[in-house]
Structures are given as structure tokens and as C-alpha cells.
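Work through the exercises below with the sequence and the model open. Each task is followed by a solution in steps.

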Amino acid sequence: MASIYGDIMKVDTTGASQKTARQDNLTVTGVEASHLLAKADLSRMNNYKDIITNVAHKLQIDRAVICGIISRESRAGAALVNGWGDHGNAFGLMQIDKRSHKNLEGLWNSEAHVRQGTQILVDFIKGVSVKFPKWPKEHVLKGGIAAYNFGIRNVQTYERLDIGTTNNDYSNDVVARAQWFKNNGY
């Protein structure tokens, strides 16, 4: 489905850092590592395909972008303990931080949860669009993905977008994973 927030396939990306690639003991980095990480999550992601598709349609965002976030945040649920990650601070497939969002919606793997996480992402994309009105849609999309990890105030320049994100590669890794999901059924 087309997104009103830009084409994920047109977003430039350098992919995963070495630190991120080490999650799966990969010896490669960059886009190749991100693709391997996404591929490892595919069978679990498929359990949520209908939920992701419904939310993507309702919020007019590419479902592959949602998959990229879910893959990075929770490894499609594999990195969670009773639905929680980040030392008990982040909830669900999309790892919504309870310190920033007081009302967590639904079960950790529910449509309500994915809708809440995706709405947060959409709000960040819109916020980056306001902050950088001259950026092309694809830059705004990538900026919104980075903001999902570290907030809009930390989005400063496109060239140094990931500096300060987790492993300094968050948006690049999510974009590369999303592109892989787009090419593999999403």
C-alpha cells in the first residue's frame, strides 16, 4: 500500500552498525546486516501481518515501515519478556516507553498496541515535517523514524540524523529492514 509519508524504497540508508549486527553474531554490517536481521524475524512477523496491514491502511503508512520498527525494537517479539523490553521500561512489539507514554493500549502483540505505536511514529513524522518544512518527504520519513527512537528535538540535520540514536544507526537500520520487508511480502 502506498504511504502518504513518502516511499520507503527511495530512502537512502547505510543499514546496521557493527554493534547492531552483533545481535545475531553477524560478520557483515550495513544494509546486508539489516536485511539478514529482518529475514531472521520474518516468520514471527508473519504472525502479525493482518494486524500490521490493518493499521497501515488506517494510518496511511507503508506496512513495511511498521515491520522495520517492530523488527528493530523487539525482533518481532523474540526480544521481549512477558511483552516487555528495555529493562521493563518499554512495552510490546513496538516498544512504547512507559516513561514517555502513560497510557499503553492493548496487549503487547495486539492491533491496539500496533496502532498506538504507529500513531506515535506518524506524529513524529508530522513533527519532523513541521520542523524541517523544506525536507523532501523521504527525508522527513527517515527523520520521523529517528525521532521514534530519540525524539523530535534531537533531529538536527539529515546528514547526521542517527548521531545519538541507539547504536548511532537507528533510522538507517530500520529503513534497510523496512526495504527488505517491502521486497518480501509487505
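**Exercise 1.** Is Arg44 buried, partly exposed or exposed, and at what relative accessibility?

Solution. The model is predicted. Step 1: buried means under 20% relative accessible area and exposed means over 50%, with partly exposed in between. Step 2: Arg44 has a relative accessibility of 26%. Step 3: Arg44 therefore counts as partly exposed.

**Exercise 2.** Determine how Asp41 pairs with Arg44, and how the two are placed in the chain.

Solution. Step 1: Asp41 and Arg44 form a salt bridge, with 2.4 Å between the closest N and O atoms. Step 2: both belong to helix H2, where they are three residues apart, so about one helical turn separates them. Step 3: Asp41 has 0% relative accessibility and counts as buried.

**Exercise 3.** Which residues are linked with Asp41 and Asp173 in a network of salt bridges?

Solution. Step 1: the structure holds 13 salt bridges. Step 2: one network links Asp41 and Asp173 with Asp24, Arg44, Arg72, Arg75, Asp169 and Arg177.

**Exercise 4.** Identify the residues of the largest nonpolar core that touch the most other members, and the elements that contribute to this core.

Solution. Step 1: the core has 48 residues, and Ile61, Ile66, Ile145 and Tyr148 touch the most other members. Step 2: the elements giving two or more residues to this core are helices H2 (30-46), H3 (49-59), H4 (63-74), H5 (111-131), H6 (137-150) and H7 (170-182). Step 3: leaving out residues up to four places away in sequence, the contacts of Tyr148 include Ile69, Met94, Leu121, Phe124 and Tyr170.

**Exercise 5.** Describe the span that UniProt annotates at residues 53-161.

Solution. Step 1: the unreviewed UniProt entry places the feature "domain: Transglycosylase SLT" there. Step 2: residues 53-161 are 50% helix and 6% strand, and the end C-alpha atoms of the span lie 28 Å apart.

Terms used
Residues are numbered from 1 along each chain as its sequence is written. This is a predicted model: local features need pLDDT of at least 70, side-chain atom pairs count only at pLDDT 80 or more; totals for chains, interfaces and linings use all residues. Side-chain values use heavy atoms; hydrogens and water are left out. UniProt positions are given in the numbering used here, feature names are shortened, and annotations may be inferred rather than shown by experiment. Helices (H or I, at least four residues) and strands (E, at least two) are DSSP runs, numbered from the N terminus. A nonpolar core is a set of buried Ala, Val, Leu, Ile, Met, Phe, Trp, Tyr and Cys residues joined through side-chain atoms within 4.5 Å. Buried means under 20% relative accessible area, exposed over 50%, partly exposed in between (1.4 Å probe, protein chains only). Contact means heavy atoms within 4.5 Å. A salt bridge is a side-chain nitrogen of Lys or Arg within 4 Å of a carboxyl oxygen of Asp or Glu.
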